[in-house]
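Here is a short note for someone opening this entry for the first time. Please read the points with the structure in view.

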Amino acid sequence: MTNRLAGKRALVTAAAQGIGESIARAFAAEGAKVVASDIARDKLGELDAVDGIEPVVIDVLDQAAVEAAVRGHGPFDVLVNCAGFVHHGSILECTEEEWDFAFDLNVKSMYRCCRAVIPGMREQGGGSIVNIASIAAHKGLPNRFAYGATKAAVVGLSKAIAADFVGDAIRCNAINPGTVQSPSLDGRINAFEDPDAARAAFIARQPMGRLGRAEEIAAMALYLASDESVFTSGTQMNVDGGMSI
Ligand code: NAD
């Protein structure tokens, strides 16, 4: 299939690498005009040459910056909230500052972006919001205390938005990825004393016996962004190698 997003304008956060980058590339390949945003200016620059992608630096922790970017580059038909960060540790290793930061980046960023984008979607008769949560929203995973709490909040936020705007043809869905190969996953693995054992343990959590690929999450985001999923809102799609079976 081609041009599944023809005529649509999309904003993707955390698009300089990993899942967000794959989503931006997949959307552009299917005909969308994509504003690919991130704080990593250098890495974002690599997307400059991609047809259909406009890289824009946006810090999703900054309310004024989000609003200005949406005013300047919107309105959008599609918003993908991908920015997120993994805090490692149990409640006993999670300081109040770390808890607050995790919620600011993983949850409040979505509040900021959705609040900025929804009025434009409403005015133009609809839109699709895709929020990247995690299987950690549902499954208790060791040392993912703050992360699991934030991603469960993302699921709740997504359902609430879906309920409030179903009458405006604005859909909101969440994706729960399992463990996906990405630069930040490499960083987490390399932080272990024995990175090979750590990688093997991450793989062992996945019944399919391998890590996910960012393109596999992008394929679900593409479906949820496109009109193929026009009867779908308030759902969560697990793309997790069977972790949730
Ligand atoms: P990543 O962690 O490798 O990259 C994250 C990107 O976010 C970076 O480019 C970074 O510059 C950007 N970023 C950080 N702070 C930002 C800010 N304030 N404003 C804008 N951008 C900012 O990417 P990933 O591992 O593909 O994860 C992407 C999303 O998917 C996250 O929400 C993550 O929680 C979720 N997720 C990832 C996995 C996984 O295994 N990789 C699994 C489940 C869910």
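1. First, a term. Helices are DSSP runs of H or I with at least four residues, and they are numbered from the N terminus. On that basis, α1 spans 18–29, α5 spans 145–165 and α6 spans 183–190. Each of these three helices supplies at least two residues of the shell around the ligand. Keep in mind throughout that this is a predicted model.

2. Start with the shell. There are 29 residues around the ligand. Those that come nearest are Gln 17, Asp 38, Tyr 147, Val 180 and Ser 184. Which helix gives the largest share of the shell? That is α6, with three residues. By class, the shell holds 17 nonpolar, eight polar and four charged residues.

3. A side-chain N or O atom of Asp 38 is 2.6 Å from an oxygen atom of the ligand. For Ser 184, a polar side-chain atom lies 2.7 Å from a ligand oxygen. Gly 84 takes part through its backbone: a polar atom there is 3.5 Å from an oxygen atom of the ligand. How much of the ligand does the protein cover? On its own, the ligand has 840 Å² of accessible area, and the protein covers 91% of that.

4. Now the site itself. The ligand sits in the largest pocket. This pocket has a volume of about 950 Å³. It is lined by 40 residues, and the closest to its centre are Cys 82, Gly 84, Phe 85, Ser 184 and Arg 188.

5. The pocket lining can be read by helix and by class. α1, α5 and α6 each give the lining at least two residues. The largest share is from α6, with four residues. The lining is made up of 24 nonpolar, nine polar and seven charged residues.

6. Two backbone details deserve a look. Where is the cis peptide bond? It joins Gly 74 and Pro 75, with omega at about 0°. Pro 75 belongs to the loop between α3 (63–73) and β4 (78–81). The other detail is Asn 143. This residue is not a glycine, yet its phi is positive, at about 65°. Asn 143 is found in the loop between β5 (127–132) and α5.

7. To recap, check α6 when viewing the site. This helix gives the largest share of the ligand shell and the largest share of the pocket lining.

Terms used:
Residues are numbered from 1 along each chain as its sequence is written. This is a predicted model: local features need pLDDT of at least 70, side-chain atom pairs count only at pLDDT 80 or more; totals for chains, interfaces and linings use all residues. Side-chain values use heavy atoms; hydrogens and water are left out. A residue is near a molecule or strand if one of its heavy atoms lies within 4 Å of it. A polar contact is a pair of N or O atoms within 3.5 Å; within protein, one must be able to donate a hydrogen and the other to accept it, and residues adjacent in sequence count only if both atoms are side-chain atoms. Accessible areas come from the Shrake-Rupley method with a 1.4 Å probe; for residues, only the protein chains shown count as cover. On a 1 Å grid over the protein atoms alone, a cavity is a set of points where a 1.4 Å probe fits but cannot get out, and a pocket is an open set with protein on both sides within 12 Å along at least five of seven lines; lining residues have an atom within 4 Å of a point. A molecule sits in a cavity or pocket if more than half of its atoms lie within 2 Å of its grid points. Ala, Val, Leu, Ile, Met, Phe, Trp, Tyr, Cys and Pro count as nonpolar, Asp, Glu, Lys and Arg as charged, and the others, Gly among them, as polar. Grid points are joined across faces, edges and corners, and a volume is the space filled by probe spheres set on the points.
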